[in-house]
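Thanks for coming, everyone. Let me bring the structure up on the screen, and then I'll walk you through a few parts of it.

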Amino acid sequence: VITYKKACELDSFSFGITKKKEGKIKNFGMSFHDTPELLDEILTAHPELDFVQLQINYIDWENPSIQSRRCYEVARKHHKPIIVMEPCKGGTLALVPEKAERLMKEYNPQASIPSWAIRFAASQEGVFMVLSGMNTIEQMRDNTSYMADFKPLNEEEYKIIQQATEIINENTAIPCTTCRYCEKGCPQRIAIADYFALYNSAKRATTTNFSSQFFYYINLTANNYGKASDCLECKECEKACPQHLKITEHLKDVAAMFDVTHQFPSRKEK
């Protein structure tokens, strides 16, 4: 939301169109890290965009905070070609749990683990480019080996990816089921389930680079949701949680990752 408002204030869309008319760029589009509702608003207001770049991978496809599938569906509704970023989730989907790896290798011993993630992204209709971060010549050769003659995932492979997703989700730091019962009585309006999903996603990441999860966290707090560090420890959330999670303690972990590190002011300080 903040980035979109700033882009509008700076008249960035008109600037991009002008440069396209001048022949200095061929296609004008945007990278997006926010809700499907905002994406729909932007693409409705700016049909001149030629493409949209989205975070799409099988672990984020149904993630309640990142909502890859729903953002993808919005882009398709507006007939926008899609560039995929984070197909391997910062390396997370290149090193999956042993149980998930065994499923993949039993089906296709020759296929690398990252190839499953990249092919998942590339198999979605409307995707015309998948951006894959590569650190070695071996990784580049692996990518080109199956993308040069690309074959979309078949039904059996989709089933294996679904099983792998369930296995990966079992290995989560906070076993939240996103029922959201905890949020209804929160006096600080903290997006507890979304923050836990982002925290789990960030903990699974295998790189130390600036996390895309932080973008989603910023966007949620900008939409008038309380930050994790705003928790008053009233424990109304814990009374409502059917999983009996120690929510207030988990929120401290979330705050340490997303608030303290970036020194956000707290509502409690106001």
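Predicted model: local features only at pLDDT ≥ 70, side-chain atom pairs only at ≥ 80, totals over all residues.

**Helix pairs, a sheet and a proline**

Residues are numbered from 1 along each chain as its sequence is written, and side-chain values use heavy atoms, with hydrogens and water left out.

Helices and strands here are DSSP runs, H or I of at least four residues for helices and E of at least two for strands, numbered from the N terminus.

Back to our pair. H8 covers residues 155-170, and its axis comes within 8 Å of the H5 axis, crossing at roughly 165 degrees. Axes are lines fitted to C-alpha atoms, for helices over the stretch in contact, and angles run from 0 to 180 degrees between N-to-C directions. H5 and H8 are therefore roughly antiparallel; the cut-offs are under 35 degrees for roughly parallel, over 145 for roughly antiparallel, 65 to 115 for roughly perpendicular, and oblique for the rest.

Which residues of H5 and H8 meet? On the H5 side we have Lys99, Ala100, Leu103, Met104 and Tyr107, and they meet Glu156, Glu157, Ile160, Gln163, Ala164 and Ile167 in H8. Contact means heavy atoms within 4.5 Å. By type, the residues of this H5 and H8 contact come out as 7 nonpolar, 1 polar and 3 charged. Nonpolar is Ala, Val, Leu, Ile, Met, Phe, Trp, Tyr, Cys and Pro; charged is Asp, Glu, Lys and Arg; the others, Gly among them, are polar.

Next pair: H3, residues 36-45, and H4, residues 68-77. They pack at about 15 degrees with their axes 9 Å apart, so H3 and H4 are roughly parallel. Their crossing is right-handed. Pro36, Glu37, Leu39, Asp40 and Leu43 in H3 meet Arg70, Cys71, Val74, Ala75 and Lys77 in H4, and that contact splits into 6 nonpolar, no polar and 4 charged residues.

Now the sheet. Two strands pair if DSSP finds at least two bridges between them. S1 and S2 (residues 51-55) pair over 4 bridges, with Gly29 opposite Phe51 in S2.

Last stop, Pro87. Where does Pro87 lie? In the loop between strand S3 (82-85) and helix H5 (98-107). Is Pro87 buried or exposed? Buried, with a relative accessible area of 4%; buried means under 20%, exposed over 50%, and partly exposed in between, using a 1.4 Å probe and protein chains only. Leaving out residues up to four places away in sequence, Pro87 touches several residues, including Ile56, Leu93 and Ile118. Pro87 and Ile118 are 31 residues apart along the chain, yet their C-alpha atoms are separated by 5.5 Å.

Notes
Left-handed = near helix turned anticlockwise from the far one by under 90°.
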